[in-house]
Amino acid sequence: MIGQSQFTEVIESLRNQKKLTYAQFLDGVVSERSYRRYVNEGKPFSFEILVSLVERLNMKMRDFVIVSMNYISMKYQKEIYLAHYLDHQMYDEAEPYLDETSPPYFTHVGSKILPALKKRYAYHQKKINLYTYLHHLKSELSLDQLKKQHILDRNTLKLLLLLLEDGSFEDQVTVIPILYDVILGQTQLITHQYDIDLNALIQTLTRVIFSNEELKIAFQNIIESLFKVALHNTRKFHLEEGFQSFFKDALLVLDVKDTLFKECFMYYIFAKRIQHPNYTFTSDSYIKTFLSLNEAKEIFNASHFSSLYFMREGYGHEQ
Amino acid sequence: MVMNNNSDLIIYLEAIDTIRKEKGLSIEALIEDITSERSYRRYMNQELSIPLQILEKMILRLGVSMSDILIYVLKVKQKPSGIIEFFTYLHYDELTLATPYYKRLKDYQKDSLLLNTLVSMYVLWYEYKSHLISLNVFKTELEAHKHIFNTSMDTIESLSFYILYTIVYEDDAYHDKIIKSLLENNFYMSQILLFDIIADQYLIFLSNDENYTKDYENLSSLFYQVAHMWHDAYFIYSAQIHHAYVKFKNNDPSYMVDIKKHLYYEHLLLSKSSKKYRNIISAMTSLSMDLILKKDLEEVFK
């Protein structure tokens, strides 16, 4: 998470960028001597001074926070890269960064997400066992408290998603209602990347429940609404990864004979072809659990491109 | 003493109060030795201006970081206006999808003069695209509001206005300032979605003019990076076609891969076939869009 002292660094950087003299910038807020001391010693400004200086920069606080996050993310980008590679289990790419990135962490992934992903990596590399990895996640989460809370930050969300993916059935049963409350809007998600984080939540929850028969039975009352939420979310936020994930999951809950299945199948192929320009049906073991090559060809031959537009009005209303 | 507008500060106090409740902390425990309960309630009701020093003491008492409070203010307390959605759908000629936002933003006056005016210009653009007003009326309105926007284009609102003006008037008089602002002002750091919309608008404009090939390439390269940074499929869809066109102009045969990606995205993102990039695509290939995809998909089912 961004430390308060880093706001000082960003303020000074923006002052320079906007070519404001100390006199113009500080008049009536803080003396030049004190300001220089804050900057040179990396001390955090008081809230009062920070708010005033952001006003002097002619910025809104929300813009300042976004700029600060981008600034810190650029400066400590190795943390961001490492978290990204570990999160996507691209371990060959992650390895060069593992030695170069150690605590203290400075970016928004630093405080909880990166250590948790490192634990998962260690577990996947057989350096620690599953119990140690899950124990780390649970020790960072106050699950009893979370059940009562109505606010969730993005660090906690990520840890809950890891527990959902890797935890036991009992862990999943505990975590799912907490996460579903976020989707229903009964718990507020505090994050600077709301659409991306909400999308990750819906995708992970959908994938985990839809692909696990025990969970499908335990949470059968939410399957239909979860599918609708996932469909709505994919259309609303139109995030790149959202399409790939949604169409893959949709095939798990739709009937093969359903028109919507056939459309989702074609969109699944489109998304695959975007991802891998050399993708072929026969190389995809996942899709072959639903259809044979001949059945797939039939759907393709019967498809009319002129009506295959995912955003078209009425799409998905059959559900 | 630094003076602040109390209406700005109340959102911080609301954030503090929400986090107080989440932590199960009583008002008394929060304000002990800081302020009186009567004052606290008056601050909450906006009957009294809250001093920044008191806000800061309460943040410390809660034991949360200032960045937590700021992120709360940033995301939870900012009600989405729908401006970006409206601009996006309008840019992609998705008038049906834009309509609910048009109704909401028709009389928008909640922000700065610059943003309010820019929104009103987009509202007029919607009305023009929907055949509710003529091109002349739209042009006259643009001209009448031009003085509000600074030609130095040091704000993204001004830059957005002049790009719209340039497109509608098909006039490159502001080209040098527009391209400088797009390439150098780093607006994508804080206003990435609006940046993506206007960058694509201007790229489409430049793609028609051989005199601006170098600027087109530079902007296309920046747009491609920025679009991928935010994972928004709409802008990746757009960036892909400009990326293809730059490759095509530089005799890189892999441009067809980018065209195909662009076309697949079109089916995932739009409600109908788009003519928006047809000039660019037809400069690269004479094949129909459907045929390109059909041939590509035949490879999938071999």
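**Figure 1. Where chain A meets chain B.** In this predicted model, 52 residues of chain A are in contact with 45 residues of chain B; two residues are in contact if their C-beta atoms, placed from the backbone, lie within 7 Å. On chain A, the elements that each supply at least two residues to the side touching chain B are α4 (47–56), α5 (61–75), β2 (188–190), α13 (194–210), α16 (240–253), α17 (259–275) and α18 (293–302). Helices (H or I, at least four residues) and strands (E, at least two) are DSSP runs, numbered from the N terminus. The most comes from α5(A), with 7 residues. Sorted by class, this side of chain A has 31 nonpolar, 12 polar and 9 charged residues. Here Ala, Val, Leu, Ile, Met, Phe, Trp, Tyr, Cys and Pro count as nonpolar, Asp, Glu, Lys and Arg as charged, and the others, Gly among them, as polar.

Residues are numbered from 1 along each chain as its sequence is written, and chains are lettered from A in the order in which they are written. Local features need pLDDT of at least 70, and side-chain atom pairs count only at pLDDT 80 or more, while totals for chains, interfaces and linings use all residues.

**Figure 2. A close look at A:L239.** You will find A:L239 in the loop between α15 (220–237) and α16 of chain A. A:L239 counts as buried because it has 24 C-beta neighbours inside 10 Å; the cut-off for buried is 20 or more other C-beta atoms within 10 Å of a residue's own, with C-beta atoms placed from the backbone. Leaving aside residues up to four places away in sequence, A:L239 touches A:D195, A:I196 and A:N199, along with B:H231, B:D232 and B:A233. From A:L239 to A:N199 is 40 residues in sequence and 8.0 Å in space, C-alpha to C-alpha.

**Figure 3. The domains of chain B.** The domain assignment gives chain B domain 1 (6–76) and domain 2 (180–302), with bounds from an automatic or database domain assignment. The C-alpha centres of these two domains of chain B lie 47 Å apart.

Notes
A residue is buried if 20 or more other C-beta atoms lie within 10 Å of its own, exposed if 12 or fewer, and partly exposed in between; C-beta atoms are placed from the backbone.
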